Amino acid sequence: MPKVEPKLIQKELDSGKVRPAYWIFGPERMKSRELIKRIQKTVLKDEAPNDFNFEKLDGSELSAEAIVDSAQSFSMMGGVKLILIRNAEEIKNLDAIVEWLKALPKTDAGAVDDFSTVCVFVAKSFDGRKKASKVIQDLAAAIPCEEVQEQDREPWIDYLAKRRGITLKPDERLLLRGLDPWSLEIVDQELGKVELVQSDETLRSEVILSGVDAHARDEFIDALFSRDEARALKWMHLFSEEMEVQLPVLGLIAWNLRHLKLVILEQETRSRSPEKRNPYLMKNLDRWKKHWDFTSIQNFEHELFKIDFSLKNTRLTGRGLWSNVIIQNKPHPEGARA
């Protein structure tokens with residue numbers, strides 16, 4: 001079975017049909033989220049997710065065998081169990097998952113009650129050249145969530161605006177179409193601001209674009225601490241040209257680094273900080289810490305110091321320095337903690 005277009009899966013879900021396994025991949029995260037929501041709604045039949053019918057796993061932390069064990073276990077309360085596996089591209093040795101797929105009595109779309117478990121693998125990428133990937137592509141629904149092409153932006157803008165009850169003016173639609181960087185998340189963020197002030201014509205004309213830098217900044221920082229080289233390089237140009245932009249971003253990175261360094265130290269010494277941390281910060285630190293150890297944190301800190309020294313003493317912009325930070329601190333092929 002070739003890669004499946006999201007529209008076909010949405011049509012199946014609208015008719016109440018699901019598949020036992022989905023492999024959702026690609027850079028457009030809003031598409032992935034919307035698809036996952038629809039799968040969840042169909043599988044759970046509008047019931048609230050709980051410990052018996054919904055399970056979240058992380059492919060970077062579990063073996064393929066452990067994931068298969070979970071997929072083969074039945075819901076304790078009966079009914080269909082939904083399993084969401086994030087970071088599926090980091091699963092080591094997919095052979096166990098391949099064998100599980102081959103053993104399934106049915107892999108095409110069917111009524112929800114035809115299945116005991118529905119597994120949704122979410123990945124950044126899908127390498128169809130690998131032997132295991134070819135089997136996954138044949139037996140699971142491999143669904144690409146690619147970046148929206150420029151010629152397809154306006155229908156998406158109109159869809160997101162309609163969902164928020166906003167009627168866009170031609171100049172607003174043109175402005176949203178030309179955003180750089182562009183993603184559905186950024187567009188929806190801008191529409192959210194329009195929604196708040198849509199009755200105020202003066203504010204409405206100024207609100208679009210006022211927060212894109214903050215969104216891009218957060219994406220860049222998350223990519224750095226996730227050690228995601230490709231994503232960090234994608235956003236880097238926004239923060240490596242102007243002095244007044246670089247220094248505040250560097251300060252935010254240093255602040256996050258201090259907290260991450262403490263968490264790593266606590267983890268390695270098996271101690272616990274008495275400080276109560278912000279829940280949003282802790283959510284990020286919990287995601288980031290698996291990519292680092294104390295040595296890699298110190299190396300990263302040293303690279304940031306070089307940027308800080310260069311900016312404050314030579315007044316040179318730091319594109320080359322930022323590139324070096326990103327490339328020097330990417331994980332080794334055998335793993336972040338190698």
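How many bridges join E2 to E7? Four bridges join these strands, and the two run parallel. The structure described here is a predicted model.

## The sheet

Strands E2 and E7 belong to an open sheet of five strands. Read across the sheet, the order is E3-E4-E6-E2-E7, and the pairing is parallel. Strand E3 (54-58) and strand E7 (141-144) stand at the edges. Each of these has a single partner strand, so one side of each is left without a neighbour in the sheet. From one strand to the next, the twist averages 15°.

Helix H2 (residues 29-44) packs on this sheet. H2 touches E2, E3, strand E4 (81-86), E6 and E7. The direction of H2 makes about 160° with that of E4.

## Strand E2 and its partners

Strand E2 (residues 21-25) is joined by five bridges to strand E6 (residues 117-123), and these two strands run parallel. Two of the residue pairs can be named. Phe-25 has Ala-123 as its bridge partner in E6, and Ile-24 has Val-122 as its bridge partner in E6. Towards E7, Tyr-22 stands opposite Ala-141.

Is E2 mostly covered or mostly open? E2 is mostly covered, with five of its five residues buried. The burial applies to both faces of the strand. Ala-21, Trp-23 and Phe-25 are buried on one side, while Tyr-22 and Ile-24 are buried on the other.

Asp-58 lies in strand E3. Is Asp-58 buried or exposed? A residue counts as buried under 20% relative accessible area. Asp-58 has 17% relative accessibility, so Asp-58 counts as buried.

Which residues is Asp-58 in contact with, leaving aside its neighbours within four places in sequence? They are Arg-86, Asn-87 and Lys-290. With Lys-290 there is also a polar contact of 2.9 Å between the two side chains.

## The nonpolar cores

In soluble globular proteins, nonpolar side chains tend to be buried together. In this model, the largest nonpolar core has 47 residues. The members that touch the most other members are Phe-220, Leu-224, Phe-225, Ile-253, Phe-300 and Trp-322. Several helices each supply at least two residues of this core, among them helix H6 (153-163), helix H8 (184-197), helix H10 (212-225) and helix H15 (319-328). Helix H12 (243-269) is another of these suppliers, and H12 gives the most to the core, with seven residues.

Leu-224 shows what such a position involves. Not counting residues up to four places away in sequence, Leu-224 touches Ala-232, Ile-253, Trp-292, Phe-300, Trp-322, Val-325 and Ile-326.

Which residues of helix H7 (residues 170-177) are buried? The buried ones are Glu-172, Arg-173 and Leu-176. They cover an arc of only 100° around the axis, which puts them on the same side of H7. On the other side of H7, Pro-170, Asp-171 and Leu-174 are exposed.

Methods. Residues are numbered from 1 along each chain as its sequence is written. This is a predicted model: local features need pLDDT of at least 70, side-chain atom pairs count only at pLDDT 80 or more; totals for chains, interfaces and linings use all residues. Side-chain values use heavy atoms; hydrogens and water are left out. A nonpolar core is a set of buried Ala, Val, Leu, Ile, Met, Phe, Trp, Tyr and Cys residues joined through side-chain atoms within 4.5 Å. Buried means under 20% relative accessible area, exposed over 50%, partly exposed in between (1.4 Å probe, protein chains only). Contact means heavy atoms within 4.5 Å. Two strands pair if DSSP finds at least two bridges between them. Axes are lines fitted to C-alpha atoms, for helices over the stretch in contact, and angles run from 0 to 180 degrees between N-to-C directions. The arc is that of the directions from the helix axis to the C-beta atoms. A polar contact is a pair of N or O atoms within 3.5 Å; within protein, one must be able to donate a hydrogen and the other to accept it, and residues adjacent in sequence count only if both atoms are side-chain atoms.
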